[in-house]
Amino acid sequence: MGAKVIDGKAFAADVRARVAAHVARLKEEQGIVPGLAVVLVGEDPASKVYVRNKHASTIEVGMASFEHRLPAETGEAELLALIDKLNGDPAVHGILVQLPLPGHLNSELVINRIDPAKDVDGFHISNVGLLGTGQKSMVPCTPLGCLMMLRDHHGKLAGLNAVVVGRSNIVGKPMAQLLLGDSCTVTIAHSRTQDLAEVCRRADILVAAVGRPEMITGDMVKPGATVIDVGINRIERDGKAKLVGDVHYDSAAAVAGAITPVPGGVGPMTIACLLANTLTACCRANGLPEPE
Ligand code: NDP
């Protein structure tokens with residue numbers, strides 16, 4: 001029997017609809033419009049697409065979208081001054097600086113300049129520390145989306161063996177923290193892990209965030225496991241451009257109990273969670289109850 005396909009697209013549409021309903025209530029009852037500012041420096045084609053999608057989704061749920069497109073040669077002082085301005089702007093509840101930044105800019109310095117309360121990407125060192133110590137924080141959107149899908153599928157995650165392949169600051173590490181927070185037994189694997197296949201086969205929950213097309217194959221999946229594929233890799237196959245994950249879908253789906261597809265799995269959840277985080281930041285800024 002094949003795996004259940006976890007439909008991230010439908011799940012994300014549901015999250016966006018709930019955010020939109022809450023935004024409408026905020027407007028009507030409080031006269032408050034949540035606002036998201038997105039800063040893009042340079043001309044990276046993938047980043048431009050992401051920023052365009054974020055803008056459209058923000059407008060769609062009734063929030064205000066503030067786009068700041070700066071030339072690739074923008075200096076650090078100028079970028080920091082913009083962030084200071086956004087930090088002080090009461091109409092802006094969330095700030096996102098699209099990564100990667102051009103090489104001459106120090107990403108850590110820039111991200112850590114964002115007011116942690118407006119850091120809807122959850123990358124500020126304060127939010128990283130709060131998440132790591134189990135305190136209320138802004139949670140990075142991609143792992144948050146993965147967690148929501150896992151909770152929805154499993155109910156309780158406590159006691160399950162989770163293996164996260166990848167230890168980046170934006171996906172792997174926060175994903176592991178979130179799973180630990182839900183009382184999974186967590187293993188983080190990376191490029192120096194020995195016998196990766198054997199480590200992966202122990203997983204009831206296997207999260208692939210590697211950045212290598214179709215690297216996780218069916219023989220690495222425990223029968224019945226839930227496989228979350230974070231990877232977005234553009235490859236060429238049979239002369240055509242194609243988007244594939246870090247998981248070899250067909251072989252993994254033949255063994256897994258549930259699996260997220262690429263596209264249509266984790267990707268749409270990331271933007272939905274960005275909107276949810278912006279709404280949360282807005283509610284916190286106004287001393288209002290947070291969304292469920
Ligand atoms: P990074 O390149 O920052 O990290 C990749 C991680 O994978 C590293 O920890 C690396 O280990 C590990 N790794 C690399 N090769 C191997 C290997 N052969 N065996 C085991 N581990 C390995 O990537 P990101 O975390 O930023 O992204 C991961 C993937 O997720 C990418 O495909 C990216 O496009 C996608 N992504 C998708 C998002 C979405 O919205 N769906 C959002 C963000 C990312 P080491 O640390 O030892 O080098």
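Me: What's the mean pLDDT of the chain, and what share of its residues reach 70 or more?
Reply: This is a predicted model, and the mean pLDDT of the chain is 97. As for the share, 100% of the residues reach 70 or more.

Me: And what ipTM and pTM does the predictor give the complex?
Reply: The ipTM is 0.99 and the pTM is 0.97.

Me: OK, big picture. Which domains is the chain divided into?
Reply: Domain 1 covers 30–117, and domain 2 covers 141–268. Their centres, taken over C-alpha atoms, are separated by 29 Å.

Me: Is the crossing of H1 and H10 left-handed or right-handed?
Reply: Left-handed.

Me: Which residues in H1 and H10 meet there?
Reply: From H1 you've got Gly-8, Lys-9, Phe-11, Ala-12, Val-15, Arg-16, Val-19, His-22 and Val-23. Facing them in H10 are Val-266, Gly-267, Pro-268, Met-269, Ala-272, Leu-275, Ala-276 and Leu-279. Sorted by class, the residues of this H1 and H10 contact are 12 nonpolar, three polar and two charged.

Me: What about H2 against H10, what angle do they pack at?
Reply: About 50 degrees, with the axes 10 Å apart; H2 is residues 45–60. H2 and H10 are therefore oblique to each other. The crossing of H2 with H10 is right-handed.

Me: Who makes that contact between H2 and H10?
Reply: On the H2 side, look for Asn-53, Lys-54, Ser-57 and Thr-58. On the H10 side, it's Ile-271, Leu-274 and Leu-275. That contact of H2 with H10 splits into three nonpolar, three polar and one charged residue.

Me: And H6 with H10, what's the angle there?
Reply: About 105 degrees, with 8 Å between the axes; H6 runs over residues 141–154. The range 65 to 115 counts as roughly perpendicular, so that's how H6 and H10 sit relative to each other.

Me: Which residues of H6 and H10 meet?
Reply: H6 brings Cys-141, Thr-142, Leu-144, Gly-145, Cys-146, Met-148 and Met-149. They meet Val-266, Met-269, Thr-270, Ala-272, Cys-273, Leu-274 and Asn-277 of H10. The H6 and H10 contact has 10 nonpolar and four polar residues, and no charged ones.

Me: New topic: what kind of peptide bond joins Leu-99 and Pro-100?
Reply: A cis one, with omega about 0 degrees. You'll find Pro-100 in the loop between strand E4 (94–97) and helix H4 (107–111).

Me: And what kind joins Val-262 and Pro-263?
Reply: That's a cis peptide bond too, and omega is about 0 degrees. Pro-263 sits in the loop between strand E11 (258–259) and H10.

Me: Last one: is phi of Asp-195 positive or negative?
Reply: Positive, near 45 degrees, in a residue other than glycine. To spot Asp-195, go to the loop between strand E6 (185–189) and helix H8 (196–200).

Key:
Residues are numbered from 1 along each chain as its sequence is written. This is a predicted model: local features need pLDDT of at least 70, side-chain atom pairs count only at pLDDT 80 or more; totals for chains, interfaces and linings use all residues. A crossing is left-handed if the near helix is turned anticlockwise from the far one by less than a right angle, and right-handed if clockwise. Helices (H or I, at least four residues) and strands (E, at least two) are DSSP runs, numbered from the N terminus. Two residues are in contact if their C-beta atoms, placed from the backbone, lie within 7 Å. Ala, Val, Leu, Ile, Met, Phe, Trp, Tyr, Cys and Pro count as nonpolar, Asp, Glu, Lys and Arg as charged, and the others, Gly among them, as polar. pLDDT is the predictor's confidence in each residue, from 0 to 100. Domain bounds come from an automatic or database domain assignment. Axes are lines fitted to C-alpha atoms, for helices over the stretch in contact, and angles run from 0 to 180 degrees between N-to-C directions. Angles under 35 degrees count as roughly parallel, over 145 as roughly antiparallel, 65 to 115 as roughly perpendicular and the rest as oblique.
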